[in-house]
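Please look over the model below. My notes follow, point by point.

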Amino acid sequence: MAQKPRSIRATAPRLGKALKRSFFDRSVHEVAPDLIGATMLVNGVGGIIVEVEAYHHTDPAAHSYRGPTPRNQVMFGPPGFAYVYRSYGIHWCVNFVCEAEGSASAVLIRAIEPTHGLAAMRRRRGLEDERALCSGPGKLCEALGITIAHSELPLDRAPIALHARTEAPEIITGVRIGITKAVELPWRYGLKGSKFLSKRF
């Protein structure tokens, strides 16, 4: 009989201080790497952010590049709010709006290491292996129960909670995934050595 994959982390790690919306009121290129190692929770379910991508309003791959629409309007508002969209009409993806109001820049959360509420994540995803629960933007949204209902919600108020990392991680960079414009920009950040990345760097 095949054995279930064992839990990689025996206990949930200690949480750092709560991140406020002011954390996001700076360059998206500063916020993105600073999110690696932070903990993201939605209704108490989530884990350590191990992979993100930065999108700047001057970047042709950004949803805000051609200006505001009903879908991306939250990107043009103040920093510290969630922007959720559906990718390819199938998966929800969550972004954190950064920079001053009007900038329309954001960080896409690509992967997390599950640490809190694994039973709920396994139920939602229909699988056991921790490494596959949140190893992609659509997967983590399904695991955390994130939908369009979470778009435009503040990142420092329930049901969302973000906690600063408690130690300095070793961060690696690379090109972003699944885009056709500005593909050469090294705006993907990840936790070196993590087994929970969506794709190797």
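1. Leaving aside its neighbours within four places in sequence, which residues is Gly-67 in contact with? Asn-72 and Phe-76 are the residues in contact with Gly-67 once those neighbours are set aside. Contact here means heavy atoms within 4.5 Å.

2. A word on the source. This is a predicted model, in which local features need pLDDT of at least 70, side-chain atom pairs count only at pLDDT 80 or more, and totals for chains, interfaces and linings use all residues. Residues are numbered from 1 along each chain as its sequence is written, and side-chain values use heavy atoms, with hydrogens and water left out.

3. Gly-67 sits in the loop between β2 (45-55) and β3 (82-87). Helices (H or I, at least four residues) and strands (E, at least two) are DSSP runs, numbered from the N terminus. Gly-67 counts as buried because its relative accessibility is 15%. Buried means under 20% relative accessible area, exposed over 50%, and partly exposed in between (1.4 Å probe, protein chains only).

4. Glu-51 belongs to strand β2. Its relative accessibility is 0%, so Glu-51 counts as buried. The Glu-51 side chain reaches the backbone nitrogen of Ser-198 at 2.7 Å. That is a polar contact: a pair of N or O atoms within 3.5 Å; within protein, one must be able to donate a hydrogen and the other to accept it, and residues adjacent in sequence count only if both atoms are side-chain atoms. Beyond four places in sequence, the contacts of Glu-51 include Ile-36, Arg-110, Ile-177, Arg-188 and Lys-199.

5. The largest pocket has a volume of about 750 Å³. Of its 33 lining residues, His-63, Tyr-85, Ser-87, Gly-178 and Ile-179 are the closest to its centre. A pocket is an open set of points on a 1 Å grid over the protein atoms alone, where a 1.4 Å probe fits, with protein on both sides within 12 Å along at least five of seven lines; lining residues have an atom within 4 Å of a point. Strand β3 gives the most to this lining of the largest pocket, with four residues. By class, the lining of the largest pocket holds 16 nonpolar, ten polar and seven charged residues.

6. The second largest pocket holds about 220 Å³ of space. Among its 13 lining residues, Gly-37, Ile-48, Arg-165, Thr-166 and Glu-167 are the closest to its centre.

Terms used
Points joined across faces, edges and corners; volume = space filled by probe spheres on them. Nonpolar A, V, L, I, M, F, W, Y, C, P; charged D, E, K, R; others polar.
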